[in-house]
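Q: I have a structure open and would like to go through it with you. Could we take it piece by piece?

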Amino acid sequence: MSEVIHPDEIIDTVEVGELLPRVMKIKKDGYRLSQACAAYIDNKFELSYSFADDNTYQFTTLRLVVDTDVEVPSITDIVPPAVFYENEMKEIFGVKIKMISVDYEDRLYRMKAVTPLGPDADSEEGGRNDG
């Protein structure tokens, strides 16, 4: 029977310029991307990237809180599976993520409204509309 490990909850708030170096270190330490998500709160985007260590069950989350006009670098060159999370952040919330390795150009989901959970969600079209 395996030993039950009780990991600490680690949530580190980072600046945009710290994101890629921190992701590289976490990957080098043997963690894998567990999930990434976005939220639009108080006129800002809150992006959370969670990483897991499969040996210790330790989770570490890097959290960015950015204004809606700030460009965030993609982590897909370091962690390729982030491609779907980042396309979702971009398409559903309107986060400006630059250099996604595979950018679906707002076509990952079939939605009438683009960015339905972002800053323009209360508009008549439910966000930016392609026309």
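Q: To start with a detail, which residue in strand 3 is the bridge partner of Arg32?
A: The partner of Arg32 in strand 3 is Ala52. Please keep in mind throughout that this is a predicted model.

Q: How do strand 2 and strand 3 run, parallel or antiparallel, and how many bridges join them?
A: They run antiparallel, and nine bridges join them.

Q: What about the turn of that hairpin, how many residues lie between strand 2 and strand 3?
A: Two residues separate the strands of the hairpin. Asp42, in the turn, has a positive phi of about 50°.

Q: Stepping back, which elements does the protein have, and in what order?
A: The secondary structure amounts to two helices and six strands. Starting at the N terminus, the order is β-α-β-β-β-β-α-β.

Q: What is the strand order in the open sheet of four strands?
A: The order is 1-4-3-2, and the pairing is mixed. Strand 1 (9-13) and strand 2 are the edge strands; each has a single partner strand, so one side of each has no neighbour in the sheet. From one strand to the next, the twist averages 20°.

Q: And how many bridges join strand 3 to strand 4?
A: Nine bridges join strand 3 to strand 4, and these two strands run antiparallel. Within this pair, Ser50 stands opposite Thr61 of strand 4.

Q: Where do the helices pack on that sheet, that is, which strands does each one touch?
A: Helix 1 packs on the sheet with contacts to strand 1, strand 3 and strand 4, and its direction makes about 165° with that of strand 4. Helix 2 also packs on the sheet, where it touches strand 2 and strand 3; its direction makes about 5° with that of strand 2.

Q: Let us stay with helix 2. Why is it described as largely enclosed?
A: Nine of its 12 residues are buried, so helix 2 is largely enclosed by the rest of the structure. Buried here means a relative accessible area under 20%. Among the buried residues of helix 2 are Ala82, Val83, Glu86, Met89 and Phe93. The cover over the buried residues includes strand 2, strand 3, strand 5 and strand 6 (96-98).

Q: What span should helix 2 have, and what are its end C-alpha atoms apart?
A: At 1.5 Å a residue, the 12 residues of helix 2 should span 16 Å, and the end C-alpha atoms are 16 Å apart, which agrees. Just after helix 2, Gly94 adopts a positive phi of about 85°.

Q: Changing topic: how many residues are in the largest nonpolar core?
A: That core has 27 residues, and those with the most contacts inside it are Leu47, Tyr49, Phe51 and Val72. Helix 1 (16-28), strand 2 (32-41), strand 3 (44-52), strand 4 (59-67) and helix 2 (82-93) each contribute at least two residues to this core. Helix 2 gives the largest share, five residues. In soluble globular proteins, nonpolar side chains tend to be buried together.

Q: What is Leu47 in contact with, leaving aside neighbours within four places in sequence?
A: Leu47 is in contact with Cys37, Ala38, Leu62, Arg63, Leu64, Val72, Met89 and Val95, apart from those neighbours.

Q: Where is Thr76 found?
A: Thr76 is in the loop between strand 5 (71-73) and helix 2. Thr76 is buried, with a relative accessible area of 2%.

Q: Which side chain does Thr76 join in a polar contact of 2.7 Å?
A: That polar contact joins the side chains of Thr76 and Ser74.

Q: Finally, what percentage of the residues in the protein is buried?
A: Buried residues make up 37% of the 131 residues. Of the contacts between residues at least 6 apart in sequence, 48% join residues at least 24 apart.

Methods: Residues are numbered from 1 along each chain as its sequence is written. This is a predicted model: local features need pLDDT of at least 70, side-chain atom pairs count only at pLDDT 80 or more; totals for chains, interfaces and linings use all residues. Side-chain values use heavy atoms; hydrogens and water are left out. A nonpolar core is a set of buried Ala, Val, Leu, Ile, Met, Phe, Trp, Tyr and Cys residues joined through side-chain atoms within 4.5 Å. Buried means under 20% relative accessible area, exposed over 50%, partly exposed in between (1.4 Å probe, protein chains only). Contact means heavy atoms within 4.5 Å. A polar contact is a pair of N or O atoms within 3.5 Å; within protein, one must be able to donate a hydrogen and the other to accept it, and residues adjacent in sequence count only if both atoms are side-chain atoms. Two strands pair if DSSP finds at least two bridges between them. The expected span of a helix is 1.5 Å times one less than its number of residues. Axes are lines fitted to C-alpha atoms, for helices over the stretch in contact, and angles run from 0 to 180 degrees between N-to-C directions.
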